[in-house]
Each structure stands twice: as C-alpha cells, then as structure tokens.
Amino acid sequence: MSITFPKTWSTSETINASDVRSNLDAMQKKQAKLSASDFSTGQWIDTHHIMQGRYEPTPNISVNVSGVFGGKNNGSFLDNLSYCSRWITDRAGASGSSKPRAYIPHTNITFDILRPCTLFFQWSMIHQSLLDGDGTDGMTEIKPAMNSKFISSGVVRHQVHEQAPAGLAYNVFVNGTSMTNGFVLDDISSQVRGYSIGLVAESTAGMCQNVSWSVSLECFYM
C-alpha cells in the first residue's frame, strides 16, 4: 500500500519543521516495511538501464551514472616540480588571449560530460619565486582553464609575487614561498566529449617553481 503522509499542505500555508520531520519519518517507516503489494508486478527496469561505475587510472577519475569524480596531487613522495617562469610563458608581441600559457603538469583533467551537469573544480598549490636580479618585480598568475587554451575574462587570477630584494638574506622558504587556492563552479548545459579543465600559468618572473599541489573534480549530472 502507498505511504500515508501525516501532513499535506494547502496553498500559501506555512511550512513548519515539525510537519516536514513527520513526513520524513513516515517515509522511513514505510521503507522499512515494504510488502509485495508495493512493487509493480510487471518488469519496470532492464539491466542495461543500470551503468556500473568504472575507474580510469590514467586521469585518476571515477565515472558513474551520477557523474564524474577525481583528482590529482603532487608532493611528498610524488615530488614532480613544474615551472612557470617568463622564459616559457612570455613572448614579445603577444598580448591578451594570444599570449602563450604554460599548462601546469598533473593539474589538468580530461573527461567526457555525457549530459547537463554542475561542475565543481578546486585546487591548492605552493609556489617558490626567487628574485632573478633583472631589476624588475616579477609576478606569476595562476588561472583555471576551462576546456580552452584561452582564459575567460571572468576568471579570477591568483598572483604569486617574486621574492623581495630586501629579503635576500633569508631563505626562500621565509619570504619567497606562497600559496594559491581557488575553485570553479559552473553549469554545463549539454554533452561535451573530451572536456578539459585544469591550471595554467603566465609569468614575468625569471624563477618560479610549483612545489606541491592538489586538484579535485566533481561533476554532478542534473
């Protein structure tokens, strides 16, 4: 037999927490005492309607019927340094969206979006930017790239400043080390094969290295 809810609401009636709690309790009690009459006698689902989740080791993601989840990290035993100095990200005459960006290794994830979804991507990264002695104050910008090598104007740019000249007497761990972190929350309205999201860098500093980082991806199908 069907669930009998203790409370039903009429138009413009105030919703009270106690009434909602009573209805939720009724659902839980019914779920614990299902009988044969609560099930359809005809076949209402086939096995092909259920997709078994799978793990893809190369991008380190889990693909499920409810969405895609995964992440990457570097540090400790996974000590892979990457660099984002002006030598590899700055080119004379380039400006705006045509300026080359350096994709930071192990921070990009490529996956298939099978239907409309809400996408949540977040990261945390530790940088070291030593003074390069060129007479200018260099700076590095870390930005998320969403399925494009070009960066949207609405994306927040996270800045890493070069070590201060007055701090040369100190170790780079004292005044040349900084952390950036951020997230992207976006709705994708349609299917996209090979969608890519990750971090890129653009720099005017001569020596900037990324020491350790972690990124995570949650893609919920709506």
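**Close-up views of a predicted protein model**

**View 1. Helix α1 spans residues 17-31.** Helix α1 contains 15 residues and reaches 21 Å from its first C-alpha to its last, close to the 21 Å expected at 1.5 Å a residue; the expected span is 1.5 Å times one less than the number of residues in a helix. Helices (H or I, at least four residues) and strands (E, at least two) are DSSP runs, numbered from the N terminus. The model is predicted: local features need pLDDT of at least 70, side-chain atom pairs count only at pLDDT 80 or more, and totals for chains, interfaces and linings use all residues. Residues are numbered from 1 along each chain as its sequence is written, and side-chain values use heavy atoms, with hydrogens and water left out.

**View 2. The buried side of helix α1 carries D19, N23, A26 and K30.** Buried means under 20% relative accessible area, exposed over 50%, and partly exposed in between (1.4 Å probe, protein chains only). Seen down the axis of α1, the buried residues fall within an arc of 55 degrees, so they line one face of the helix; the arc is that of the directions from the helix axis to the C-beta atoms. An α-helix has 3.6 residues a turn, so residues three or four places apart point the same way. The face of α1 turned away from the buried side carries the exposed residues A17, K29 and Q31.

**View 3. F111 and I113 touch the most other members of the largest nonpolar core.** This core has 28 residues. A nonpolar core is a set of buried Ala, Val, Leu, Ile, Met, Phe, Trp, Tyr and Cys residues joined through side-chain atoms within 4.5 Å. The elements giving two or more residues to this core are β2 (61-64), β6 (109-113), β7 (117-130), β10 (177-188), β11 (192-203) and β12 (207-221). Strand β12 provides the largest share, 6 residues. In soluble globular proteins, nonpolar side chains tend to be buried together. Not counting residues up to four places away in sequence, F111 touches I61, V68, L119, V192, R193, G194, Y195, I197, L217 and C219; contact means heavy atoms within 4.5 Å.

**View 4. C208 lies in strand β12.** Is C208 buried or exposed? C208 is buried, with a relative accessible area of 1%. Residues up to four places away in sequence aside, C208 touches S82, Y83, C84, S85, Q128, S129, T140 and V160. The C-alpha atoms of C208 and M139 are separated by 8.8 Å, although these residues are 69 residues apart along the chain.

**View 5. M146 belongs to strand β8 (residues 139-146).** M146 is partly exposed, with a relative accessible area of 26%. M146 and S196 are 50 residues apart in sequence, yet 6.3 Å apart in space, C-alpha to C-alpha.

**View 6. S12 and H106 each have a positive phi.** Most residues other than glycine have a negative phi, and most peptide bonds are trans. S12, which is not a glycine, has a phi of about 70 degrees. S12 is placed in the segment before α1 and is exposed, with a relative accessible area of 72%. For H106, phi is near 65 degrees. H106 is found in the loop between β5 (102-103) and β6, and is partly exposed at 40% relative accessibility.
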